[in-house]
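Hi,

Here is the structure I promised to pass on. Have a look at it first, and then read on for my notes.

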Amino acid sequence: MEDPQRARSHTVTTTASSFAENFSTSSSSFAYDREFLRTLPGLLIVAEIVLGLLVWTLIAGTEYFRVPAFGWVMFVAVFYWVLTVFFLIVYITMTYTRIPQVPWTTVGLCFNGSAFVLYLSAAVVDASSVSSERDSHNFNSWAASSFFAFLVTICYAGNTYFSFIAWRSRTIQ
């Protein structure tokens, strides 16, 4: 009766220790994709990060809380900026190869598609809220943020296209 208990506990210990060994060896050697930033989707992600940063810093540096519409623009800009930085890290470190359970092409398509739609709405709201009559000392920052919001929208549209191509080629196979 004691022997089956020992065998079971030894099996659990062996499984746990082999899991720990596999996890530690796989997480200690990070892969780095140097070529990703040279591809068009990689360049678009970098542009989204830089231009998105400009959108929300240009608005955050003003008294944007006086115009409620800029709250929506700030939400979209900061939310997608953080997620885009996250996806850049995932792509550069090739984390997507270590988590094959996640349908990365579908996730990328949904992310870029939603970013395109919401950034388009935020850019339109941003542009329609800019008025020289409201607050003249914030006008230049708000106008510049509107311009950059439309540029980020174009970048997300481009990445949505590339994500769609990748998704479609994956679903056809």
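A word on terms to begin with: helices (H or I, at least four residues) and strands (E, at least two) are DSSP runs, numbered from the N terminus. This is a predicted model, in which local features need pLDDT of at least 70 and side-chain atom pairs count only at pLDDT 80 or more, while totals for chains, interfaces and linings use all residues. Residues are numbered from 1 along each chain as its sequence is written, and side-chain values use heavy atoms, with hydrogens and water left out.

Let me start with Asn-159, which is found in helix H5. Asn-159 is buried, with a relative accessible area of 3%; buried means under 20% relative accessible area, exposed over 50%, and partly exposed in between (1.4 Å probe, protein chains only). Leaving aside neighbours within four places in sequence, Asn-159 is in contact (heavy atoms within 4.5 Å) with Pro-41, Leu-44, Ile-45, Glu-48 and Asn-112. Leu-44 is 115 residues away from Asn-159 along the chain, yet their C-alpha atoms are separated by 6.7 Å.

Thr-160 is found in helix H5 too. Thr-160 is buried, with a relative accessible area of 16%. With neighbours within four places in sequence left out, Thr-160 is in contact with Leu-109, Asn-112, Gly-113 and Phe-116.

Now the chain as a whole. The secondary structure comes to 5 helices and 0 strands, so you will see α-α-α-α-α from the N terminus on. Of the 173 residues, 31% count as buried. Among contacts between residues at least 6 apart in sequence, 79% join residues at least 24 apart. The accessible surface comes to about 10600 Å², and 68% of this belongs to carbon and sulfur atoms; the areas come from the Shrake-Rupley method with a 1.4 Å probe, and for residues only the protein chains shown count as cover.

The structure holds 18 aromatic pairs, where rings of Phe, Tyr and Trp (its six-membered ring) pair if their centres lie within 6.5 Å, and planes under 30 degrees apart count as stacked, over 60 as edge-to-face and the rest as tilted. Phe-70 and Trp-142 have ring centres 4.6 Å apart and planes at 35°, so this pair is tilted. The pair links distant parts of the chain, with Phe-70 in helix H3 (residues 69–92) and Trp-142 in helix H5 (residues 139–172), 72 residues apart. Both Phe-70 and Trp-142 are buried. Phe-147 and Phe-148 make an edge-to-face pair, 5.4 Å centre to centre with 65° between the planes; Phe-147 is partly exposed, with a relative accessible area of 49%. There is also an aromatic cluster, whose members include Phe-36, Trp-72, Tyr-119 and Tyr-156.

What is the angle at which H3 and helix H4 pack? H3 and H4 (residues 104–129) pack at about 150°, with their axes 9 Å apart; axes are lines fitted to C-alpha atoms, for helices over the stretch in contact, and angles run from 0 to 180 degrees between N-to-C directions. H3 and H4 are therefore roughly antiparallel to each other (under 35 degrees counts as roughly parallel, over 145 as roughly antiparallel, 65 to 115 as roughly perpendicular and the rest as oblique).

Finally, Met-94 lies in the loop between H3 and H4. Met-94 has a positive phi of about 55° although it is not a glycine, and is partly exposed, with a relative accessible area of 23%.

Best wishes
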